[in-house]
Amino acid sequence: DDFQVPQDRGYGYDRYGSIALNLKYIQDILTRHHLVPFFPTMPARDESGSCRGCVIITRRGTIAHQLATLGSLSSPKAN
């Protein structure tokens, strides 16, 4: 929750001083644990409410492949 959506600057996300909740912040963990991030595909301009970004994280494999078939999510790392 409150995570930067890389492909859409319209979504808000949290920052704590020099730390931002973004892919750079979690890249080492994603790589080390073979995890895949997924982000919403709906443009922030079409969302209601506070338009805060989010990320869904899963291990590579079956679930990641299933999530990649959903039109509502995308991943720069799905494989």
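Colleague: How many of the residues of β3 are buried?
Modeller: This is a predicted model, and a residue counts as buried when its relative accessible area is under 20%. By that cut-off β3 is mostly covered. The number of buried residues in β3 is 6 of 6.

Colleague: Over how many bridges do β3 and β4 pair?
Modeller: Strand β4 covers residues 56-59, and β3 pairs with β4 in the antiparallel sense. One of the bridges puts F38 together with I56 in β4. The number of bridges between β3 and β4 is 4.

Colleague: Which element gives the most residues to the largest nonpolar core?
Modeller: The largest nonpolar core has 11 residues, among them F3, L23, I26, L30, L35 and F39. The elements that give two or more residues to this core are α1 (23-32) and β3 (35-40). With 3 residues, the element that gives the most is α1.

Colleague: Which residues is I26 in contact with, leaving aside its neighbours within four places in sequence?
Modeller: I26 is one of the residues of the largest nonpolar core. F3 is also listed in that core. With the sequence neighbours left aside, the contacts of I26 are F3 and I57.

Colleague: Is Y16 buried or exposed?
Modeller: Y16 is found in strand β1, residues 15-16. With I19 and Y25, Y16 forms a nonpolar patch on the surface, and together the three have about 340 Å² of accessible area. The relative accessibility of Y16 is 52%, and the cut-off for exposed is over 50%. Therefore Y16 counts as exposed.

Colleague: Is D2 buried or exposed?
Modeller: D2 is found in the segment before β1. Not counting residues up to four places away in sequence, D2 touches G12, Y13, D14, L21, R52 and G53. Its relative accessibility is 18%, and the cut-off for buried is under 20%. Therefore D2 counts as buried.

Key:
Residues numbered from 1 in each chain as written. Predicted model: local features only at pLDDT ≥ 70, side-chain atom pairs only at ≥ 80, totals over all residues. Heavy atoms only, no water. Core = buried A, V, L, I, M, F, W, Y, C linked by side-chain atoms within 4.5 Å. Buried < 20%, exposed > 50% of the residue type's maximum accessible area, 1.4 Å probe, protein only. Contact = heavy atoms within 4.5 Å. Pairing = 2+ DSSP bridges. Patch = residues over 30% accessible without salt bridge, like charges linked within 9 Å, V, L, I, M, F, W, Y side chains within 5 Å. Areas by Shrake-Rupley, 256 points an atom, 1.4 Å probe, with all protein chains shown as cover. Salt bridge = Lys/Arg side-chain N within 4 Å of Asp/Glu carboxyl O.
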